[in-house]
Amino acid sequence: MTTEDRQENQREGGAGANAPDPIRGTVRGTAPAPLSILDLATVGVGYTPAQALSVTTDLARSAEKWGYHRFWVAEHHGMPGVASSTPAVLLAHLGAHTTTLRLGSGGVMLPNHAPLAIAEQFGLLEALHPGRIDLGLGRAPGTDPATARALRRGLTEGGDEFPRQLTELTHFLDGSFPGDHPYARLTAVPKGDGRPPIWLLGSSGFSAQLAGRLGLPFAFAHHFSSANTLPALDLYRSEFRPSAVLDEPYALIGVGAVAADDEAAARRLARSAALGMLRLRRGTPGPIPTPEEAESYPYSPVEADFIEDWLGNVVLGSPGEVADGLEALRKRTGVDELMVTSNIHGHEARLRSYGLIAEAYGLTGPQAETA
């Protein structure tokens, strides 16, 4: 079955619509593929974390109304521009303010935590919001080395231990430790009839290969590692082995996207996120700067090159231009689903960008309503 066949089968109102797949996204409206959101509860200059989290809640409600399939939040630490440091807590809140939207972690950085703790957190989330939770896992720290050491106090594992940690977490979620295992008598509670599907996240080939060999869905961070996108996806597909979870590969990519009235306005908004990323890479993270600050910043030649390279990986422009760019990227990569992310300054601009993308891509609007 081709990607297009699967998407037509999962199109809202079509065959299979009454039995939602826990992994494969639902195609809504006239959209050519499922569209989702990755959110960081962005904190911009002049805003508080409380305001950022309030807007993330509004965005999740709106995403559900607009027809986005899933809404993921990411674990980051020590970053003043990101308020989503603890995905499980935020997901519990978002679940209470939505009804159908799939919610998940994009992702939980597993080496920062004991696998039992994550099994309990996401078991609880599944009990609170059954059939709506995704457990996306990454092996990076999501922070600087010093903060990672503080987070992992008492934990000796690092990214190299990720496969073993993943196996342990899976056994806790399924209650499937062998009888002679030291944890065989332990139970992650609460434990219901179902459990969240596990996704592996990555920006290189390591998790792509592991996801393929385990027959798990794979999410690639195209928005900050575009040079590795095609090699990682090829590796995932070539290594894929059918499992009880999936009979064939299922992959999505995270895509930076900004829509505004025209290309110039969208680029102006995106430059604020680009300057924020420049400061993060330089080791001086802070709140997302304003567009005015990004315009007046005295970039060195090296910094200016970084900004242009970063913007070159963002799908930006008018709503139609963004929709066309997203679809061209989907076809070029062959992915099953796109997950857009926009960490621009200004809550109204951010909400409007996601709304414009939803309408232009076909999730909402007159064409979608008559489909």
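**Terms and their cut-offs**

Mentor: Phenylalanine 240 is buried, with a relative accessible area of 12%. Before you ask further, note that this is a predicted model, in which local features need pLDDT of at least 70 and side-chain atom pairs count only at pLDDT 80 or more, while totals for chains, interfaces and linings use all residues. Residues are numbered from 1 along each chain as its sequence is written, and side-chain values use heavy atoms, with hydrogens and water left out.

Trainee: Why is phenylalanine 240 called buried?

Mentor: Buried means under 20% relative accessible area, exposed means over 50%, and partly exposed is in between (1.4 Å probe, protein chains only). Phenylalanine 240 has 12%, so it counts as buried. Tyrosine 236, at 0%, is buried as well.

Trainee: What makes tyrosine 236 and phenylalanine 240 an aromatic pair?

Mentor: A pair of aromatic rings is described by the distance of the centres and the angle of the planes. Rings of Phe, Tyr and Trp (its six-membered ring) pair if their centres lie within 6.5 Å; planes under 30 degrees apart count as stacked, over 60 as edge-to-face and the rest as tilted. For tyrosine 236 and phenylalanine 240 the values are 5.9 Å centre to centre and 80° between the planes, and the pair is edge-to-face. Both belong to a cluster in which ring pairs link Phe218, Phe220, Tyr236 and Phe240.

Trainee: How many aromatic pairs does the structure hold?

Mentor: There are eleven aromatic pairs. In one of them, the rings of tyrosine 68 and tyrosine 354 have centres 6.4 Å apart and planes at 90°, so that pair is edge-to-face. Tyrosine 68 is in the loop between α2 (49-66) and β2, and tyrosine 354 is in helix α13, 286 residues apart. Helices (H or I, at least four residues) and strands (E, at least two) are DSSP runs, numbered from the N terminus.

Trainee: Are tyrosine 68 and tyrosine 354 buried or exposed?

Mentor: Tyrosine 68 has a relative accessible area of 2%, so it is buried. Tyrosine 354 has 1% and is therefore buried.

Trainee: What makes the contact of arginine 350 and aspartate 39 a salt bridge?

Mentor: A salt bridge is a side-chain nitrogen of Lys or Arg within 4 Å of a carboxyl oxygen of Asp or Glu. The side chains of arginine 350 and aspartate 39 meet at 2.6 Å, N to O, and form a salt bridge. Arginine 350 lies in helix α13 (residues 347-361) and aspartate 39 in strand β1, so the pair ties together parts that are 311 residues apart in sequence. Arginine 350 is buried at 1%, and aspartate 39 is buried at 0%.

Trainee: How do you know that glutamate 308 and arginine 267 are joined in a salt bridge?

Mentor: Their side chains meet at 3.7 Å, N to O. The pair links glutamate 308 in helix α11 (residues 301-311) with arginine 267 in helix α9, 41 residues apart.

Trainee: Why are glutamate 308 and arginine 267 called partly exposed?

Mentor: Glutamate 308 has a relative accessible area of 40%, so it is partly exposed. Arginine 267 has 29%, so it too counts as partly exposed.

Trainee: Which residue forms a salt bridge with glutamate 337?

Mentor: Arginine 70 does, with the closest N and O atoms 2.8 Å apart. Arginine 70 is in strand β2 (residues 70-73) and glutamate 337 in strand β10, 267 residues apart. Both residues are buried. A network of salt bridges links Arg70, Arg102, Asp134 and Glu337.

Trainee: How do you know that β10 is mostly covered?

Mentor: Five of the five residues of strand β10 (residues 337-341) are buried. Glu337, Met339 and Thr341 are on one side, Leu338 and Val340 on the other.

Trainee: What joins strand β8 to β10?

Mentor: Two strands pair if DSSP finds at least two bridges between them. Five bridges join strand β8 (residues 251-259) to β10, and the strands run parallel. Valine 340 in β10 is the bridge partner of valine 255. Strand β1 (residues 35-39) is also joined to β10, by three bridges, and runs parallel with β10. There, serine 36 stands opposite methionine 339.
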